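Biologist: Please put the model up, and we will take it question by question.

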Amino acid sequence: MSSSSSCNSTFSKDLLPPIYGVEMCVALVGNILALWLLVTKERKNWHTGVVFSCNLIISDILYALTLPLLIVYYSRGRDWGFGEALCKIERFLFTCNLYVSIYFIMCISANRYLAIVHPFFTRSYVKPKHAKIVSLFMWILVAGLSSPILYYSGLKKKRCALFADSEHGHKKLIYRLFMAVIGCLIPFLVTFASYFGVIWVVFKNNNITLLEKKKVSLMVALVCILYSVSFVPYHILQIWHFKLKHLKVTNSYVCNGYQVSKALACVNMCLHPILYMAVFDSIRTVCCRRSSTDST
């Protein structure tokens, strides 16, 4: 079986467009609602967690607006048809959204650690202006790390490929490994180290309210889901897929799994509004009010 036949199947044509469609609707509704509450309800409460979350919202909305291109692309049997410039932009935005999500989840986690484990230091020295500076640095860092995609991506026959150039295979493998370590593994370690410290303090302290413990539990569970569903499978399957492709070995399961992992990488946009519940009082109030209304 050739590489073309293994990947160009009805699998991606039938499965991926509805997945991207659902993700786009859920992500847009959830993040636009969060942005509206941020602007209307949280204007006087712009603490550091809100600043980081706002950046995450903007990234999610920008990428969700590009998903119609992918829906059409996969429904047409991976025939791009929108030109190489849009292909490069879409691939670049996908990469930026992925790593912006990872890095700002890391920032939210570290910020939560400081707020709970070192509250006096946080109140005295950690201000919203510092979060804005860090956010700007994160955008510049992620854009810089993702910039090689503007060179590597493009049209390969009729497909919009993340790595269209068949040359420099060794350099592209190094770049993928580099992004897996810098863009996923290191933020993963920082994030879970932060939550380990938070959990250690929270569940030993009887003075912390049950609501705060629930918020921490919610964030830890959500981050575990995000990494296990969105981030880790994508990086593992991407490296595996392109390694087999470089060796000219065909594996339809890896190929199709890699396609699905790209869709699952977008699931984080749908789950982020749940993460904001632990940061925005207004979102939590709206959700709790709705649940109490439904129960009555």
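**Cavity, backbone and rings**

Biologist: Which helices each supply at least two residues of the lining of the largest cavity?
Modeller: A cavity is a set of points on a 1 Å grid over the protein atoms alone where a 1.4 Å probe fits but cannot get out, and lining residues have an atom within 4 Å of a point. Helices are DSSP runs of H or I with at least four residues, strands are runs of E with at least two, and both are numbered from the N terminus. Each supplying at least two lining residues are helix H5 (84-117), helix H9 (169-202) and helix H10 (210-246).

Biologist: At what pLDDT do side-chain atom pairs count?
Modeller: Residues are numbered from 1 along each chain as its sequence is written, and side-chain values use heavy atoms, with hydrogens and water left out. This is a predicted model, in which totals for chains, interfaces and linings use all residues, local features need pLDDT of at least 70, and side-chain atom pairs count only at pLDDT 80 or more.

Biologist: What is the volume of the largest cavity?
Modeller: The count comes to 1 cavity of 30 Å³ or more. Grid points are joined across faces, edges and corners, and a volume is the space filled by probe spheres set on the points. For the largest cavity this gives about 80 Å³.

Biologist: How many nonpolar residues are in that lining?
Modeller: Among the lining residues are Phe94, Leu98, Ile149, Arg176 and Gln238, and H5 gives the largest share, 4 residues. Ala, Val, Leu, Ile, Met, Phe, Trp, Tyr, Cys and Pro count as nonpolar, Asp, Glu, Lys and Arg as charged, and the others, Gly among them, as polar. The lining has 1 charged residue, 2 polar ones and, in the nonpolar class, 9.

Biologist: Is Arg78 buried or exposed?
Modeller: Arg78 is not a glycine, yet its phi is positive, about 60 degrees. The residue lies in the loop between helix H4 (67-75) and H5. Buried means under 20% relative accessible area, exposed over 50%, and partly exposed in between (1.4 Å probe, protein chains only). Arg78 has a relative accessible area of 10%, so it is buried.

Biologist: And Lys157, buried or exposed?
Modeller: Lys157, also not a glycine, has a positive phi of about 60 degrees, and it lies in the loop between strand S1 (154-156) and strand S2 (159-161). With a relative accessible area of 84%, Lys157 is exposed.

Biologist: How many residues apart are Tyr152 and Phe163?
Modeller: Rings of Phe, Tyr and Trp (its six-membered ring) pair if their centres lie within 6.5 Å, and planes under 30 degrees apart count as stacked, over 60 as edge-to-face and the rest as tilted. The structure holds 21 such pairs, one of them the tilted pair of Tyr152 and Phe163, at 5.6 Å centre to centre and 50 degrees between the planes. This pair links distant parts of the chain, with Tyr152 in helix H8 (residues 148-152) and Phe163 in the loop between S2 and H9, a separation of 11 residues.

Biologist: Which type of pair do Tyr227 and Phe231 form?
Modeller: Tyr227 and Phe231 are 4 residues apart in helix H10, about one helical turn. Tyr227 has 2% relative accessible area and Phe231 has 0%. Their ring centres are 5.1 Å apart and their planes at 80 degrees, so the pair is edge-to-face.

Biologist: Over the face of which ring does Arg176 lie?
Modeller: A charge sits over a ring if NZ of Lys or CZ of Arg is within 6 Å of the ring centre and within 35 degrees of the ring normal. At 4.0 Å from the ring centre, Arg176 lies over the face of Phe242.

Conventions
1 Å grid on protein atoms, 1.4 Å probe; cavity = no way out; pocket = protein on both sides within 12 Å on 5 of 7 lines; lining within 4 Å.
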